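Please look over the model below. This report walks through its helices, its overall build and a handful of single residues.

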Amino acid sequence: MPLIDPVLLKSRLGLLAGRFDVDAFEECDSTSSELMRRADLGAPAGTVIVADRQSAGRGRRGRQWLSAPEASLTFSLLWRFSCPPARLAGLSLAVGVALARALESLGAQGICLKWPNDVLLRQGDDYAKLAGILVELVSDRRGIQAVIGIGINLSAPTADLPQPVAGLDQTMAALPERHLVLASVLSALAGVLDVFAVDGFAGCKSEWQQRHAWQDAAVQLLDDGSAPLSGRCAGVDADGALLLETASGMQRIFSGDVSLRRA
């Protein structure tokens with residue numbers, strides 16, 4: 001399968017083409033690592049690194065993200081913010097909203113979101129992971145740079161994984177060409193991130209909540225070294241914190257190094 005062609009991608013982006021500077025690799029260690037190196041050298045907001053394969057692609061909590069050109073789309077986007085770091089709470093959730101918008105615009109159905117950074121595909125009464133998001137923030141003299149790493153399964157991975165997984169081809173009659181998928185996601189990200197820069201997560205909270213897969217479900221919050229915390233998943237607040245109704249009352253949970261599972 002050929003590499004993503006930045007020239008062809010620009011034609012798919014239309015009027016938004018000038019907001020993105022895309023570089024495509026056959027293989028790199030990690031799109032986010034490569035983007036961080038470029039950010040340190042002054043790369044502008046809108047820089048995108050896309051790779052067919054990653055030798056050290058990473059997901060949340062130190063997990064490795066697997067990628068192959070025929071089965072996935074993996075890329076990282078650099079965005080800069082001038083607001084205080086606290087205003088960026090909920091950024092990964094806002095990115096999830098952009099991903100859901102983009103995939104639905106291509107015809108995907110059953111797209112749902114899971115706190116704090118997963119895009120799921122509804123399969124009957126169950127859910128499988130369709131895409132993942134990893135946001136890494138670094139402060140510099142120009143403000144805060146966000147490296148937004150995204151991995152989308154075009155078809156379901158065949159590797160033995162600890163959770164159910166799905167591919168975009170399972171929810172569409174015909175899988176769109178990769179340039180169209182990437183252009184749709186970048187276009188949606190530009191719109192969501194522009195709103196986020198002004199309003200924070202509050203600007204897309206209701207849209208996230210409408211797609212929340214585990215609303216009112218019994219869940220367990222897992223934190224390394226601590227006993228699981230059980231409760232009812234009551235959604236999120238305007239800062240992107242998880243609202244967990246427990247026996248001792250409602251608790252606000254920020255992502256940190258925790259994970260969530262159905263009880």
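Helix α2 covers residues 31-40, and seven of its 10 residues are buried, so it is largely enclosed by the rest of the structure. Buried means under 20% relative accessible area, exposed means over 50%, and partly exposed lies in between (1.4 Å probe, protein chains only). The buried residues of α2 are T31, S32, S33, E34, L35, M36 and A39. What covers them? The cover includes the strands β1 (21-28), β2 (47-54), β3 (72-81), β6 (126-140) and β7 (143-153). Helices (H or I, at least four residues) and strands (E, at least two) are DSSP runs, numbered from the N terminus.

This is a predicted model, in which local features need pLDDT of at least 70, side-chain atom pairs count only at pLDDT 80 or more, and totals for chains, interfaces and linings use all residues. Residues are numbered from 1 along each chain as its sequence is written, and side-chain values use heavy atoms, with hydrogens and water left out.

**The whole chain**

The protein chain has five helices and 12 strands. Its radius of gyration is 18 Å, close to the 18 Å that the globule rule gives for 263 residues, so the chain is as compact as a globular protein of that length. This radius is taken over C-alpha atoms, and the globule rule is 2.2 Å times the number of residues to the power 0.38. Along the principal axes, the C-alpha atoms fill a box of roughly 55 × 45 × 35 Å.

How much of the chain is buried? Buried residues make up 53% of the 263 residues. The chain exposes about 11,600 Å², and carbon and sulfur atoms supply 51% of that area. Accessible areas come from the Shrake-Rupley method with a 1.4 Å probe; for residues, only the protein chains shown count as cover.

Now take contacts between residues at least 6 apart in sequence. Of these, 65% join residues at least 24 apart. Contact means heavy atoms within 4.5 Å.

The chain carries 25 positive and 29 negative charges, and their mean positions are 4 Å apart. Lys and Arg count as positive and Asp and Glu as negative; His and the chain ends are not counted. Each charge is placed at NZ of Lys, CZ of Arg, CG of Asp or CD of Glu.

**Two more helices**

Both helices in the table are set against an expected span, which is 1.5 Å times one less than the number of residues.

| Helix | Number of residues | Span, first to last C-alpha | Expected span |
|---|---|---|---|
| α3 (residues 91-105) | 15 residues | 21 Å | 21 Å |
| α4 (residues 178-199) | 22 residues | 31 Å | 32 Å |

In α3, 12 of the 15 residues are buried, so this helix is largely enclosed by the rest of the structure. Among them are L91, L93, V95, V97, L99 and L103. Glycines follow both helices. After α3 comes G107, with a positive phi near 110°. Just after α4, G200 takes a positive phi of about 65°.

**Strand residues**

E27 sits in strand β1. Is E27 buried or partly exposed? Its relative accessible area is 48%, so E27 is partly exposed. Leaving aside neighbours within four places in sequence, E27 is in contact with R53 and S55. The C-alpha atoms of E27 and D199 are separated by 37 Å, and the two residues are 172 apart along the chain.

Q123 belongs to strand β5 (residues 118-123). With a relative accessible area of 32%, Q123 is partly exposed. Beyond its neighbours within four places in sequence, Q123 is in contact with A128, A166 and Q170. T171 lies 48 residues from Q123 along the chain, and their C-alpha atoms are separated by 9.4 Å.

**Loop residues**

G124 is in the loop between β5 and β6. G124 is exposed, at 60% relative accessible area. G124 and M172 are 48 residues apart in sequence and 16 Å apart in space, C-alpha to C-alpha.

Where is P116? It is found in the loop between β4 (111-114) and β5. The peptide bond from W115 to P116 is cis, with omega near 0°.

D216 is in the loop between α5 (205-210) and β8 (218-223). Its phi is near 70°, a positive value in a residue other than glycine. D216 counts as partly exposed, at 46% relative accessibility.
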